[in-house]
Amino acid sequence: MFLTALYVPANRPDRFAKAVAAGPDLVVFDLEDAVPVDDKAEARGWAVAWVAARSSNRPAGSAAFEIRVNAPGTPWQADDLGALAAVPAARIRVPKVESADDVRAVLDQVPTARITALIETPLGLEHAFEIASADPRVVAVALGEADLASSLGVDGPDGLGWARSRLVSASRAAGLGAPMLSVFPHLKDEDGLRRTCLEGRALGFVGRTAIHPRQLGPIVESFTPSAVQLADADALLAAVERTGVADGGVIVLPDGRMVDPAMLGRARELTALMRHIESRQG
């Protein structure tokens, strides 16, 4: 389970260890938007070497690593994937995925990879479930909201509401669980970060990708279940266990709420999320 991810420019190796030390669940080494054209080759070498040297002996509980490669059709993606083919079980974040074939093309070149597919175009959005279910090696889908908003010609979060809900549905339908929310680009607007995290949470997202370590704390706080939610979840699970209706039947809690097995999934997710947060903080 990932609640936080942190981008780090792959042409800044001086920031790699600092990004890990900031405490995200996932560090994403960016070969795409953050890296000038003239620095692509050097950045690729730094990021791939750093990840390869540390992936096999990563301490338990420490950040996982993922590399965002350049987009299909660019002059750099083939070299990115060629370098990553030598990294066992590499996590690859693939931008501008528009079809299941785009996913398979990456996996043909890096068969051991695990894929996070970024959906950043209207065509990719239309094919969201197809992409999410393209292969068991697809482990997550996410929106690239800046590119998607530009392609759709929409302004602000209201214009992306349907896209966000569609992604949540596609991810759940494909068995990938809740997706993470896209980045919030305004570093000095912590109130805006928290507000939009809560908006995403209401739509079914769990966690968020950050572009600076200072965003990690507010993200965790925004997605932490409330005391009331946790108490309700614990009461529900205890009641189900006590009365044995997990396989069928209905019970009524002391506060009058009717409970059936269909309600267990959300309660279990909340308690699992809280255990994850506590383990990362401990």
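**Entry 1: a pocket**

Which element gives the largest share of the lining of the second largest pocket? I found that helix 2 does, with 3 residues. Before going on, I noted that this is a predicted model, where local features need pLDDT of at least 70 and side-chain atom pairs count only at pLDDT 80 or more, while totals for chains, interfaces and linings use all residues. Residues are numbered from 1 along each chain as its sequence is written, and side-chain values use heavy atoms, with hydrogens and water left out.

I also wrote down that helices (H or I, at least four residues) and strands (E, at least two) are DSSP runs, numbered from the N terminus. A pocket is an open set of points on a 1 Å grid over the protein atoms alone where a 1.4 Å probe fits, with protein on both sides within 12 Å along at least five of seven lines; lining residues have an atom within 4 Å of a point.

The second largest pocket holds about 250 Å³ of space, a volume being the space filled by probe spheres set on the points. I counted on 14 lining residues, with Ser55, Arg58, Pro88, Ala89 and Arg114 nearest the centre. Helix 2 (40-55) and strand 3 (64-68) are the elements that give two or more residues to this lining.

I then looked at Ala89, which sits in the loop between helix 3 (77-84) and strand 4 (91-94). Its phi is positive, about 50 degrees, although Ala89 is not a glycine. Ala89 is partly exposed at 34% relative accessible area (buried means under 20%, exposed over 50%, partly exposed in between, with a 1.4 Å probe and protein chains only).

**Entry 2: strand 1**

Is strand 1 (residues 4-9) enclosed or open? I saw that 6 of its 6 residues are buried, so the strand is largely enclosed by the rest of the structure. Thr4, Leu6 and Val8 point one way, Ala5, Tyr7 and Pro9 the other.

Strand 1 runs parallel to strand 7 (residues 208-210), joined by 3 bridges; two strands pair if DSSP finds at least two bridges between them. Thr4 has Arg208 as its bridge partner there. With strand 2 (residues 26-30), strand 1 pairs in the parallel sense over 5 bridges, and Val8 stands opposite Phe29.

**Entry 3: two buried loop residues**

Ala63 lies in the loop between helix 2 and strand 3 and is buried at 3%. I looked up its contacts (heavy atoms within 4.5 Å): beyond four places in sequence, Ala63 meets Val20, Pro24, Asp25, Leu26, Val27, Arg58 and Arg280.

Glu32, in the loop between strand 2 and helix 2, is buried at 7%. Among the residues Glu32 touches, leaving out those up to four places away, are Lys40, Arg68 and Lys96. Lys96 belongs to the loop between strand 4 and helix 4 (100-109) and has a positive phi near 55 degrees.

**Entry 4: Thr271**

Where is Thr271? I found Thr271 in helix 12 (residues 264-281), buried at 11% relative accessibility. Its side chain reaches the backbone oxygen of Arg268 at 2.9 Å. Thr271 also touches Ala233, Asp234 and Leu237, with residues up to four places away not counted.

Note on methods. Polar contact = N/O pair within 3.5 Å; in protein donor to acceptor, adjacent residues only side chain to side chain.
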